[in-house]
Amino acid sequence: MAKFTKKAIMDCFLNMLKRKNIDRVTVTDICEECGINRNTFYYYFSDIYDVLDSVLIEETEKNIDITEDATFYETYSKAASVIIEYRAAVIHVYNSRNRDIIEKYLHNTTEYLVGLFVKKYSKDHKLTEDDREYITSFYSYSIVGIVSRCIECRHMIKILLSVFLNHLMQRLIQ
């Protein structure tokens with residue numbers, strides 16, 4: 001029952017974010033839409049932003065499935081699918097005063113995945129740890145910048161990611 005309630009709160013929250021900015025979503029709104037009382041909400045979450053963090057973490061963990069033969073594009077596309085699936089909610093949060101939540105999520109996820117692939121493909125090269133960190137940071141910031149720009153401009157994230165990531169990782173591998 002506990003997992004069901006927590007998931008129901010998260011789903012209500014996401015549905016509300018499709019309709020309005022995170023700054024306008026209240027705990028009372030979620031409780032009314034979800035059919036729970038405030039005590040139940042606060043049993044699972046400390047505030048609205050805790051719900052958002054939980055959604056991002058859960059969705060990312062659900063979508064990151066790193067296999068030995070997976071390409072960076074395949075892996076990152078799965079991780080970024082949460083942005084595509086909940087595009088309206090992401091845009092609402094990104095355009096709020098809490099943009100840093102989305103930026104932190106993008107940066108942490110991207111840096112983790114790029115770091116894994118840099119480590120994987122740099123095994124046969126004589127790179128120092130500093131070199132690997134530099135390459136990881138460079139590509140992470142590039143990807144986050146592109147994705148952020150896509151969100152800002154409301155471009156087709158999936159198409160841009162596809163072209164950009166395939167080209168970028170081919171260069172990295174070479």
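**Core and helix packing**

Author: Begin with the largest nonpolar core, which has 47 residues. A nonpolar core is a set of buried Ala, Val, Leu, Ile, Met, Phe, Trp, Tyr and Cys residues joined through side-chain atoms within 4.5 Å. Buried means under 20% relative accessible area, with a 1.4 Å probe and protein chains only. The members that touch the most other members are Phe13, Ile30, Leu106 and Ile151.

Reader: Which elements give two or more residues to this core?

Author: Helices here are DSSP runs (H or I, at least four residues), numbered from the N terminus. The elements are H1 (2–19), H2 (27–34), H4 (48–63), H5 (72–85), H6 (87–94), H7 (99–121) and H8 (129–153).

Reader: What kind of model is this?

Author: Residues are numbered from 1 along each chain as its sequence is written, and side-chain values use heavy atoms, without hydrogens and water. Local features need pLDDT of at least 70, side-chain atom pairs count only at pLDDT 80 or more, and totals for chains, interfaces and linings use all residues, for this model is predicted.

Reader: Which residues is Phe13 in contact with, leaving aside neighbours within four places in sequence?

Author: Contact means heavy atoms within 4.5 Å. By that rule, the partners of Phe13 are Ile22, Val25, Ile30, Ile48, Val51, Leu52 and Val55.

Reader: How are H1 and H2 oriented to each other?

Author: Their axes come within 9 Å and cross at roughly 115°. Axes are lines fitted to C-alpha atoms, for helices over the stretch in contact, and angles run from 0 to 180 degrees between N-to-C directions. Angles of 65 to 115 degrees count as roughly perpendicular. H1 and H2 are therefore roughly perpendicular.

Reader: Which residues of H2 make the contact with H1?

Author: H1 brings Ala8, Ile9, Cys12, Phe13, Asn15, Met16 and Arg19. From H2 come Asp29, Ile30, Glu33 and Cys34.

Reader: What is the angle between H1 and H6?

Author: The two helices pack with their axes 7 Å apart. Their angle makes H1 roughly perpendicular to H6. The value is about 70°.

Reader: What covers the buried residues of H6?

Author: Those buried residues are Ala89, Val90, Ile91, Val93 and Tyr94. Their cover includes H1, H4, H5, H7 and H8.

Reader: How many helices does the chain have?

Author: The chain has zero strands. Its helix count is nine.

How values were computed: Buried means under 20% relative accessible area, exposed over 50%, partly exposed in between (1.4 Å probe, protein chains only). Angles under 35 degrees count as roughly parallel, over 145 as roughly antiparallel, 65 to 115 as roughly perpendicular and the rest as oblique.
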